[in-house]
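Welcome, and thanks for taking a look at this one with me. Please have the sequence and the model open side by side while you read.

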Amino acid sequence: MVKTLGDRIRELREGKDLSLRELSKKVGEASAAFLSDVELGRRFPSEKTLVNLADALETTIKDLQQYDSRPPVEEMRRIANAHPALGVAFRKLIELPVEEQLKILKNQLPPSDPGERKK
């Protein structure tokens, strides 16, 4: 299973024995409910919040960013505007849990070895 940004934040938070409310107080501008959504992959923090999370969790912004698998927003907008059908597909895809997204993508990529892809 791929570790997400939310997984990493939860791992660090639990390692410091912090509740969501305690982390929320340390971060400042993020509610416990918002942080819960981040950990569950439903929402994503702004750059400012990500910096504050890194500070509160005593890690680096680079550490957290390596688990942020979201594609760059502006690139996604450009593609969606150029190809409306892809915009609809992107919106449907991002509503799925990460594991489902990975399964779909894995099944759509051409195999590097002809015997690799299962039918």
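Here are a few numbered points to guide a first look.

1. **What you are looking at.** This is a predicted model, in which local features need pLDDT of at least 70 and side-chain atom pairs count only at pLDDT 80 or more, while totals for chains, interfaces and linings use all residues. Residues are numbered from 1 along each chain as its sequence is written, and side-chain values use heavy atoms, with hydrogens and water left out.

2. **The overall build.** The protein chain has 8 helices and 0 strands; helices (H or I, at least four residues) and strands (E, at least two) are DSSP runs, numbered from the N terminus. Read from that end, the order of elements is α-α-α-α-α-α-α-α.

3. Of the 119 residues in the protein chain, 29% are buried. Buried here means under 20% relative accessible area, exposed means over 50%, and partly exposed lies in between (1.4 Å probe, protein chains only). The protein chain exposes about 8700 Å², and carbon and sulfur atoms supply 54% of that area; the areas come from the Shrake-Rupley method with a 1.4 Å probe, and for residues only the protein chains shown count as cover.

4. **Contacts along the chain.** Take the contacts (heavy atoms within 4.5 Å) between residues at least 6 apart in sequence: 46% of them join residues at least 24 apart.

5. Just after α2 comes Gly28, with a positive phi of about 100°.

6. **Two loop residues worth a click.** Asp17 is not a glycine, yet it has a positive phi of about 55°. Glu58 belongs to the loop between α4 (47-56) and α5 (61-65), and it is exposed with a relative accessible area of 62%.
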